[in-house]
Amino acid sequence: MSQSRATETAMSVTRRRVLKGAGGLVAAALPASAAARGDEQSDSKTTAGAVETRSTADVTGRLARYMVAARDRDLPAPIVRDGKNRILDTIGAMISGAVLPPGVMATRYVRAQGGTAEASVLTTDIRTTAVNAALANGMFAHADETDDFEPVTKAHPGSAVVPAALAMAEREGRSGTELIRAVVLGYDLCCRFLMTLGPDHVRATHRSAEGTSATFGAVGAAASLARLDEKGMRFALSYAAQQVSGLWSWTRDEDHVEKAFDFAGMGARNGVTAATMVQAGFTGVSDVLDGEHNMILALSREGKPEEMVARLGSRFYVTETAIKLFSVGYPIQAPLDALLALRRQHGLRPDNVTRIVVRLPEDGARIVDNSAMPDVNCQHLMAVALIDGTVSFEMSHSRERMADPAVQAVRARVQLVADKSLMDPAAPRSGRVEVTMSDGRTVTHFTRHAPGTMENPIEAARLNEKAGDLIAPVLGMRQAEAVIDRVNALESVSDVRELVALLVRRA
């Protein structure tokens, strides 16, 4: 067989294999020439004793084509609903976070930057560049522990994706439907990026899953709203890849200020920066996920490139994140639910409880063990829950309450155990609580999935109530109700600026 004939045959086999495996919209978006290009770039080599394998499937191109197609593709009704729910939940986090210390600092910083009036900083009269607005609103969204969380990857998609999407949608005058589709896409990129690198591997190498994934989520949303073509999407992914960062050192932040930047503000800013630079004509690298020296090789020894496009268009991560019932660190959601269930069932009070043992999965326990931040301190929050019968937004942030002798006395009875037996991939953030009462009885409750998870969802009315509780103290109840109504009917909004007008402080 001639060399040209052999090459043609190999290329044909590669095309059939890729098209068969891609499925749905991804398959439809993949030209044969792209598959051949990916095959031509494939190789495997050994470096310093490790096998380095480059992708054979043009992952960058397949993802870029999906991103282009997704912005005009109708989503199933349940996905639209879940997208709106995450947008509303994150708006609640942004509005309430604007008045917390990280939000106040972000507002002061961005006000001093000035900039072209493209997008709004929520709750304020500031209009600045979309990049600056995304930074500030992102820090609002994770100014505390109100935002959503994906239990398997440990990503916090909403706090970076929604601020980036809002800034770009306002800048470009996009519709509510376009905003929903962009947010859904952002969630997909955020979580798939960690699945590609390996979420456990990321943390095992001293990096923050939350910070590492935020930029990719934000660029997915921002690039969609910028309406970039395939080449532009490829370049935007490369500009995002160059900005990816996130160290697990955030656990030593005592004030939740750098954490707000690390988890959300940084990624939202990066994603909007990447999209707007490409929109302005910046060119770049077209194969950052699968070419030589690609991002996956650089960031993971356990990379799985196909995870970046696996089941795109059929599996939507926006349905899989957990909406928090309490504004506290996610590892504490399940044990709070367990303790409050026991309190209701057995009439638990500080004067009839002698000991509380909280068992959490080992990785989560390390994060919330006597943290300096009240909303990430398991022992403190369990004490507050026993005393108050709930954990309010105000009490979860109160440093004065941490110094209250009555709370400290109960906190001294709380023991946190990092339990390896609870390291279950199917229930990665469970919690078991054992309470010893003064009459000698021991009562136990195990919460496998906290309220708000995919397995234990909260009702729409409860989400609306949460959003109202977060927004009303800042913008007033009438404005809060208008925001909730507008987001719940977001498909009917022709210009997202109509929604943004409800999210800023009125004169």
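1. Setting aside residues up to four places away in sequence, T273 touches V131 and Q243. Please keep in mind that this is a predicted model. T273 itself sits in helix α13, which spans residues 257-279.

2. Is T273 buried or exposed? With a relative accessible area of 19%, T273 is buried, because the cut-off for that class is under 20%.

3. The largest nonpolar core has 104 residues, and the members that touch the most others are L63, I87, I91, L166, L179, F216 and L289. Helix α9, covering residues 176-197, gives the most to this core, with 13 residues. As background, nonpolar side chains in soluble globular proteins tend to be buried together.

4. Apart from neighbours within four places in sequence, L63 is in contact with L189, L237, L289, M308, V309 and L312. One of these partners, L289, is also listed with L63 among the core members that touch the most others.

5. Finally, the chain as a whole. The protein chain has 23 helices and eight strands, and 59% of its 507 residues are buried. Of the contacts with a separation of 6 or more, 76% are between residues 24 or more positions apart. The accessible surface comes to about 19,500 Å², and carbon and sulfur atoms account for 50% of that.

Terms used: Residues are numbered from 1 along each chain as its sequence is written. This is a predicted model: local features need pLDDT of at least 70, side-chain atom pairs count only at pLDDT 80 or more; totals for chains, interfaces and linings use all residues. Side-chain values use heavy atoms; hydrogens and water are left out. Helices (H or I, at least four residues) and strands (E, at least two) are DSSP runs, numbered from the N terminus. Buried means under 20% relative accessible area, exposed over 50%, partly exposed in between (1.4 Å probe, protein chains only). Contact means heavy atoms within 4.5 Å. Accessible areas come from the Shrake-Rupley method with a 1.4 Å probe; for residues, only the protein chains shown count as cover. A nonpolar core is a set of buried Ala, Val, Leu, Ile, Met, Phe, Trp, Tyr and Cys residues joined through side-chain atoms within 4.5 Å.
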